[in-house]
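Student: I am new to this structure and would like a close look at a single part of it. Please take me through that part slowly.

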Amino acid sequence: GGCTLVGAVDKLAHAPAMGGLKGQATFESWVNFTPTWVALMHRFRHVVFTFWVMVSLLGVYHAETVVSSITSDLATIPGRWQPAYMRDSLQAADALKHKFPSLAGEKAIIRVRRVDGEFVLSDKTHAFCKSLDASVASFLPEGLLLGVDSIYNYWKPTWVSNKPPQFVKELFLTEGDSAMLVVIYLNYSYPEHLDHVVTGVGDMVTNAQLELAGPVAYSVFLGGDLTMRQDMLIAVQSDAAFVHTLTLPIATALLALYFRSLRIMLIPLLTITLSLSASLLITYGASRLLPLHYLVPVLLLCVTLATSVDYCLFFLARLKDEMQKPDGPDKPTYHQAVLASTANGGYAIMTSGIGLAIGFLGLCLFPIDAVVSTGVSSAASSATHLLLSISSCSSVRPQASPPPPRSSPPSPSTSQSSPASSPRTPTFGPPPGPRRRPPSAGTSSCPTLRRQRPRVPSQRLPAPSCRSTARAAARRTAAPSFAQTAAPNCRP
């Protein structure tokens, strides 16, 4: 027992070290691959930029189709494991769909209510249903509206009793028999013409409502899947607009305060725009394969906005730290800073994106299509943002490092001056002003002497003799010069 405990403790002690070694090996592999990756992204930067622009344009083009294909149904994938109650209900629904194919689609439900609370069925409500039948039969394009179903299709009123059978009443009469329901069956393809269908059915109801005019007041309400789909479309658009207007300005302002550069801010704004457009294209692809629940677009936009800002921040924060290192031999060039940022920030982006994608793929284990479409869309979106961030940030064209200044031999005055008095050449910024030309022979550097003794053009004089040279030397050592008496603070 003691040996087993010691062995278990030893394994636990070495487990983090082995994981750390594997992580270190993965990081070193990415660091070694970074120069090749940056070189490829820089070489094909125009191709990379064109590719992401085309992806964003396709996403914007299919955005309307994505919004119109959302649904509120929690459909399931056939052939997968399901609970017993769900399996039985699906089998019953499939049997009804095969038996009544025209009744299996979505519906527009119209409620006609008598305001005084009396029995709703009358000649006026019968005329109302006939008007709807005629309007549906003449609706264009053909096939979008499949027919009208009302109580008059199952019971011919006998105005002696005015009481239909009980099973018919339960299907079409509500609110104590003071309201009736009229159903218009819709084709599966009607969401592609949603606005046209909603407007057409609304006009039908308005025209049929004229048949209810008279001393008895009726109220008419249009609802069902038709109006609910339109309400969901409006709600998704308003939620997406709310998320963007609330979070995008705040994220942009925080990034601007952190980087304090408008040129650097162009990179996150570009990546956020491209990421949102790419997410729309991914959602469009998912909607072609699976039913798209109305919660998927809003969730995907929130994930896109968060990951695109974070991934861009990983890279730019590292780049800022590299460029703000103090001047010296260890200060990296711009190209070296891009390499270091791609190696460190790119590794953080990859680990975060891959982990997020794997987590979203776990939703695919559920047998409900809405959850599966959420997992597939979010995982594909995370992988796309990963590639977009690494490729766009790494393909930034590096600036050429300035050539080193040529070394010139030091002048005697510079070599004799102390280090504290020697001027320091700045590393960045504009070059220092032009140096003054050294005074030529026969002139003084003191401004006082220049004013008192004008410069005389130099003339070639004959070489002095030895006697005159000795006499001049004795005169200089005997008395101070004029320069020393006139301006003692000036340096000849």
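Student: Leaving aside its neighbours within four places in sequence, which residues is leucine 145 in contact with?

Tutor: The model is predicted, so local features need pLDDT of at least 70 and side-chain atom pairs count only at pLDDT 80 or more, while totals for chains, interfaces and linings use all residues. Residues are numbered from 1 along each chain as its sequence is written, and side-chain values use heavy atoms, with hydrogens and water left out.

Contact means heavy atoms within 4.5 Å. Beyond its neighbours within four places in sequence, leucine 145 touches Val136, Phe139, Ile184, Tyr185, Leu186, Val197, Val201 and Met204.

Leu145 also belongs to the largest nonpolar core, which has 37 residues. A nonpolar core is a set of buried Ala, Val, Leu, Ile, Met, Phe, Trp, Tyr and Cys residues joined through side-chain atoms within 4.5 Å. Buried means under 20% relative accessible area, exposed over 50%, and partly exposed in between, with a 1.4 Å probe and protein chains only. The members that touch the most others are Leu121, Phe128, Leu145, Met180, Ile184 and Leu226. Two or more residues each come from β2 (107-114), α5 (123-137), β3 (145-149), α6 (166-172), β5 (179-186), α7 (194-208) and α8 (225-259). Of these, α7 gives the most, with seven residues. Helices (H or I, at least four residues) and strands (E, at least two) are DSSP runs, numbered from the N terminus. Another core lies apart from this one; it has 18 residues, including Ala251, Leu255, Phe259 and Ala337. In soluble globular proteins, nonpolar side chains tend to be buried together.

Serine 381 is found in helix α12. Leaving aside neighbours within four places in sequence, serine 381 is in contact with Ser279, Ile282, Leu300 and Thr304. Leu300 and Thr304 are among the α10 residues that meet α12. By class, that contact has nine nonpolar, ten polar and no charged residues.

For the whole protein, there are 16 helices and seven strands. Buried residues make up 34% of its 492 residues.

How values were computed
Nonpolar A, V, L, I, M, F, W, Y, C, P; charged D, E, K, R; others polar.
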